[in-house]
Amino acid sequence: MNNSTILQVENLKTVFSSRGQEVQAVRGVNFEVNKGEIVGLVGESGSGKSVTMKAILGILPENAKTSADVLRFQDKDLLSLNEEEYRKMRGKEMTMIFQDPMTALNPLKKIGAHLEEVIMRHSSCSKAEAKTKAIEMLRRVGIPMPETRMKQYPHEFSGGQQQRVGIARALANDPRVLLSDEATSALDPETTIATLELLKRINKELGLTIVMITHDSSIALEAERVVRIIDGRINFDGDVKEYAAII
């Protein structure tokens with residue numbers, strides 16, 4: 001792991017157990033992600049791409065068993081972390097935005113509460129300070145009139161705006177790595193383009209490392225480097241121009 005590497009994965013395997021049977025979803029995955037890079041992790045449904053990222057983040061269900069020769073984030077050996085240590089890392093140093101913003105947001109909570117809660121969970125700031133930070137984050141992701149929108153509920157936002165709220169929440173504690181799990185698949189083409197432009201702008205402004213998990217090669221082409229998974233194994237890892245030439 002060199003000085004520019006922020007995430008290192010060697011021989012990652014994940015097996016699901018169900019009714020006495022085992023299904024191997026990830027079969028020895030190897031790749032690295034460098035600081036400040038945008039990587040497209042692409043594969044068809046069931047290929048193992050999302051399982052790979054959830055294994056790294058430690059959010060797989062109890063019937064999943066993960067092993068690896070190396071699984072490191074910055075200077076942390078992820079294989080040695082207990083759940084409490086993983087919980088502190090999630091939402092602060094490495095965060096994820098999910099596919100469906102409607103299910104990622106609690107319909108009974110105001111938008112402000114969603115952001116303030118995650119800010120206060122990972123810092124010692126006051127509620128007033130958390131509110132100020134939440135407003136700042138909504139403004140950063142392009143939500144107009146953030147002071148007013150803080151008081152509204154998720155159903156009062158469009159799908160694209162809900163996804164921006166999800167991005168704001170993921171960025172609220174200044175993470176080093178953002179994992180985007182099919183974050184544009186529920187959006188219309190115009191909103192998808194706007195969301196991808198937002199992610200690329202955040203990457204440049206904050207130096208944030210982004211891994212875009214997608215089944216769509218056109219989304220992966222928006223990255224700088226592409227890692228493709230087929231049947232739980234990496235079968236391509238290279239520059240986006242090389243990837244464009246083979247699809």
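Predicted model: local features only at pLDDT ≥ 70, side-chain atom pairs only at ≥ 80, totals over all residues.
Figure 1. Side chains of opposite charge can pair up when their charged atoms come close. The next views zoom in on some of the pairs.

**Figure 2. Arginine 87 meets glutamate 84.** Here a salt bridge links arginine 87 to glutamate 84, and their closest N and O atoms sit 2.9 Å apart. Both residues belong to helix H2, which runs over residues 83–89. They are 3 residues apart, or about one turn of the helix. How exposed are the two partners? Arginine 87 is partly exposed, with a relative accessible area of 33%, and glutamate 84 is partly exposed too, at 40%.

**Figure 3. Glutamate 147 pairs with arginine 139.** Look for the spot where these two side chains meet in a salt bridge, 2.9 Å from N to O. Glutamate 147 has a relative accessible area of 41%, so it counts as partly exposed. Arginine 139 comes out at 45%, which also makes it partly exposed.

**Figure 4. Glutamate 222 reaches lysine 200.** In this salt bridge the N to O distance is 2.6 Å. Which parts of the chain does the pair tie together? Glutamate 222 lies in the loop between helix H9 (217–220) and strand E10 (225–230), while lysine 200 is in helix H8 (residues 189–206), so the pair connects parts that are 22 residues apart in sequence. Glutamate 222 is partly exposed, with a relative accessible area of 31%.

Methods:
Residues numbered from 1 in each chain as written. Heavy atoms only, no water. Salt bridge = Lys/Arg side-chain N within 4 Å of Asp/Glu carboxyl O. Helix = DSSP H or I, 4+ residues; strand = E, 2+ residues; numbered from the N terminus. Buried < 20%, exposed > 50% of the residue type's maximum accessible area, 1.4 Å probe, protein only.
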